[in-house]
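Biologist: I would like to learn how to read the features of a model one at a time, with the general idea before the particular case. Could we begin with contacts between charged side chains?

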Amino acid sequence: MRLLLVEDDPTLRAQLRLGLEDAGYAVDEADNGRDAQFQGDTEPYDAVVLDLGLPLVDGLTVLKRWRDAGRATPVLILTARDNWSDKVSGIDAGADDYLTKPFHMEELLARLRGLIRRAAGQASPVLRCGELALDTRSGRVTLAGQTVALTSHEYKVLDYLMHRPGTVVSRAELTEHIYAQDFDRDSNTIEVFVGRLRKKLPPGLIETVRGQGYRLAAA
Ligand code: CA
């Protein structure tokens with residue numbers, strides 16, 4: 001999953017980026033509202049962490065513009081302590097959730113997991129497909145109760161597919177959601193990851209849809 005992190009405080013931004021990358025997210029950054037808006041307009045993020053107090057264009061305006069343009073990307077806003085009116089304005093402008101500074105990384109991660117799974121129409125933190133289960137909290141994948149050992153890239157591919165069972169996902173889409181913007185992307189590597197995943201999973205679970213992409217067989 002790929003996130004846009006918008007925060008103008010360089011120390012906080014660096015901390016958040018580390019925590020998010022440790023949790024397996026591909027992270028793009030913006031340190032002002034103008035760049036944030038452009039990136040959100042042009043890149044397919046799975047969620048956005050949006051500070052409200054930003055240079056050039058404030059976070060609330062950025063959020064309103066995205067929503068006016070019909071962008072449905074989940075947005076979690078960061079608000080200053082005790083500023084309850086920011087939370088109200090933010091939610092009314094289309095934010096899906098908020099956190100008040102300072103906050104614990106664990107809470108941000110839990111809220112993001114919730115936003116991403118709900119945006120994909122998944123209510124449970126454990127995604128299932130037949131006997132395959134992926135626990136989005138622990139990152140543990142099991143097959144009939146037995147742990148399946150995956151590399152981080154294999155996990156990212158499976159995580160994206162398991163959020164969308166029965167849906168065709170192209171290699172380009174997988175590439176865009178697994179790598180950050182500054183990464184040297186090659187959609188051929190997706191084929192390699194899928195090939196390795198297939199060897200570890202029941203046959204036929206990840207279907208190839210000719211000329212279109214991959215689909216996780218709906219159990
Ligand atoms: Ca700020």
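Modeller: A salt bridge is counted when a side-chain nitrogen of Lys or Arg lies within 4 Å of a carboxyl oxygen of Asp or Glu. Please keep in mind that what we are reading is a predicted model. In this case Asp-97 forms such a bridge with Arg-111, and their closest N and O atoms are 2.9 Å apart. Asp-97 belongs to strand β5 (residues 97-100) and Arg-111 to helix α5 (residues 105-119), so the pair ties together parts that are 14 residues apart in sequence.

Biologist: Is Asp-97 buried or exposed, and how does Arg-111 count?

Modeller: The term buried is kept for residues under 20% relative accessible area, exposed for those over 50%, and partly exposed for what lies in between. Asp-97 has 13% relative accessibility and therefore counts as buried, whereas Arg-111, at 29%, counts as partly exposed.

Biologist: How many salt bridges does the rule give, and which side chain does Arg-2 meet in one?

Modeller: The count comes to 16 salt bridges. Among them is the one in which the side chain of Arg-2 meets that of Asp-28, at 2.8 Å from N to O. This pair links distant parts of the chain, since Arg-2 is in strand β1 and Asp-28 in strand β2, 26 residues apart, and both Arg-2 and Asp-28 are buried.

Biologist: What links helix α8 with helix α7?

Modeller: Glu-191 and Arg-171 meet through their side chains in a salt bridge of 2.7 Å, N to O. Because Glu-191 lies in helix α8 (residues 188-200) and Arg-171 in helix α7 (residues 171-178), this pair ties together parts that are 20 residues apart in sequence. Glu-191 is partly exposed, with a relative accessible area of 42%, and Arg-171, at 29% relative accessibility, counts as partly exposed too. Elsewhere, Arg-13, Arg-17, Glu-21 and Glu-29 are linked in a network of salt bridges.

Biologist: How do Asp-8 and Asp-51 compare with the accessibility classes, and in what surface patch does Asp-8 take part?

Modeller: Asp-8 is partly exposed, with a relative accessible area of 30%, whereas Asp-51 has 5% relative accessibility and so counts as buried. On the surface, Asp-8 gathers with Asp-9, Asp-31 and Asp-35 in a patch of negative charge.

Biologist: How many residues of helix α6 are buried?

Modeller: Helix α6 (residues 152-162) is mostly covered, with nine of its eleven residues buried.

Key: Residues are numbered from 1 along each chain as its sequence is written. This is a predicted model: local features need pLDDT of at least 70, side-chain atom pairs count only at pLDDT 80 or more; totals for chains, interfaces and linings use all residues. Side-chain values use heavy atoms; hydrogens and water are left out. Buried means under 20% relative accessible area, exposed over 50%, partly exposed in between (1.4 Å probe, protein chains only). Patches are made of residues with over 30% relative accessible area and no salt bridge: like charges are joined within 9 Å, nonpolar side chains (Val, Leu, Ile, Met, Phe, Trp, Tyr) within 5 Å. Accessible areas come from the Shrake-Rupley method with a 1.4 Å probe; for residues, only the protein chains shown count as cover. Lys and Arg count as positive and Asp and Glu as negative; His and the chain ends are not counted. The place of a charge is taken as NZ of Lys, CZ of Arg, CG of Asp or CD of Glu. Helices (H or I, at least four residues) and strands (E, at least two) are DSSP runs, numbered from the N terminus.
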